[in-house]
Amino acid sequence: MEKLSYHEAILYLADKLHMQAPQLIEDPDYERRRSERERLLAANKEAAAYFYRELWTERGKPMLDYFYRRGLSDAVIRRFGLGASLDEWDDLTLYLTQKGFSEAELRSAGLIVTKEGGRRFDFFRGRAMFPIIDQFGNVLAFGGRTLGNDQPKYLNTGDTPIFNKRLGVFAANLLKKERNLQRVILVEGYMDVVAL
């Protein structure tokens with residue numbers, strides 16, 4: 001019914017029942033990778049909530065105005081969890097490190113970048129934000145659209161331990177809720193999906 005493989009079904013049920021998932025394959029690194037995955041998912045979930053909250057502030061107003069100009073209602077914005085990254089160097093970084101996430105975790109999740117000399121900054125700055133959420137409700141990654149002439153127009157999270165951009169599909173979490181689908185229409189951009 002859930003269209004999961006055997007392995008995915010076991011992990012899904014263990015998570016739902018708050019049980020430790022059984023080790024299906026002998027892997028001495030399993031527990032470390034599982035713990036890392038949980039931390040990165042938690043960091044992305046917290047980042048998505050941060051972006052969403054910022055959208056409704058004075059500093060997020062340009063992004064909210066962009067969504068309104070594109071014809072989106074507050075209900076649609078909420079449904080997709082859209083948000084705003086501020087045009088600041090390290091606002092998100094400071095917020096997430098205060099929440100207990102390390103810079104290494106944030107770098108691994110694709111949320112921050114560190115340049116030579118150790119200067120770090122938020123990967124997404126001054127953009128309308130689109131969280132990429134899997135069928136289980138996990139925030140895996142983000143897409144961000146610039147409102148100005150910055151390049152690239154869309155900036156996307158690269159491959160991380162929890163996200164493979166070749167396999168991730170924006171709004172897959174909403175598809176799972178639909179029953180008896182006759183067809184699915186794939187479109188190219190985030191706003192194309194939201195507009196439909």
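Here are some questions and answers about this predicted model.

User: Which order do the elements of the protein follow from the N terminus on?
Analyst: Happy to start there! The secondary structure comes to eight helices and six strands. Read from the N terminus on, these elements run α-α-α-α-β-α-α-β-β-β-β-β-α-α.

User: What radius of gyration does the protein have, and why does it agree with a compact globule?
Analyst: The C-alpha atoms fill a box of roughly 50 × 50 × 25 Å along the principal axes. For 196 residues, a compact globule would have a radius of gyration near 16 Å. The value for the protein agrees with that, at 18 Å.

User: What share of the residues in the protein is buried?
Analyst: Buried here means under 20% relative accessible area. Of the 196 residues in the protein, the share that is buried is 38%.

User: What part of the accessible surface belongs to carbon and sulfur atoms?
Analyst: The protein has an accessible surface of about 12,200 Å². The part of this surface that belongs to carbon and sulfur atoms is 51%.

User: How many Å apart are the mean positions of the positive and negative charges?
Analyst: The protein has 30 positive and 28 negative charges.

User: How many salt bridges does the structure hold?
Analyst: Good thing to ask about charged residues! Side chains of opposite charge can pair when their charged atoms come close. One of the pairs here is aspartate 159 with arginine 166, at 3.3 Å from N to O. In total, the structure holds seven salt bridges.

User: Which helix does arginine 120 reach through its salt bridge with glutamate 103?
Analyst: The closest N and O atoms of arginine 120 and glutamate 103 are 2.7 Å apart. Arginine 120 lies in strand E3 (residues 120-122), so the pair ties together parts that are 17 residues apart in sequence. The partner, glutamate 103, lies in helix H6 (residues 103-108).

User: Is arginine 120 buried or exposed?
Analyst: The cut-off for buried is under 20% relative accessible area. Arginine 120 has 19%, so this residue is buried.

User: Which residue joins Glu54 and Arg59 in one network of salt bridges?
Analyst: The side chains of glutamate 54 and arginine 59 meet in a salt bridge of 3.7 Å, N to O. Glutamate 54 counts as buried at 12% relative accessibility, whereas arginine 59 counts as partly exposed at 45%. Through salt bridges that share partners, the network with Glu54 and Arg59 also includes Asp91.

Terms used:
Residues are numbered from 1 along each chain as its sequence is written. This is a predicted model: local features need pLDDT of at least 70, side-chain atom pairs count only at pLDDT 80 or more; totals for chains, interfaces and linings use all residues. Side-chain values use heavy atoms; hydrogens and water are left out. Helices (H or I, at least four residues) and strands (E, at least two) are DSSP runs, numbered from the N terminus. The radius of gyration is taken over C-alpha atoms; the globule rule is 2.2 Å times the number of residues to the power 0.38. Buried means under 20% relative accessible area, exposed over 50%, partly exposed in between (1.4 Å probe, protein chains only). Accessible areas come from the Shrake-Rupley method with a 1.4 Å probe; for residues, only the protein chains shown count as cover. Lys and Arg count as positive and Asp and Glu as negative; His and the chain ends are not counted. The place of a charge is taken as NZ of Lys, CZ of Arg, CG of Asp or CD of Glu. A salt bridge is a side-chain nitrogen of Lys or Arg within 4 Å of a carboxyl oxygen of Asp or Glu.
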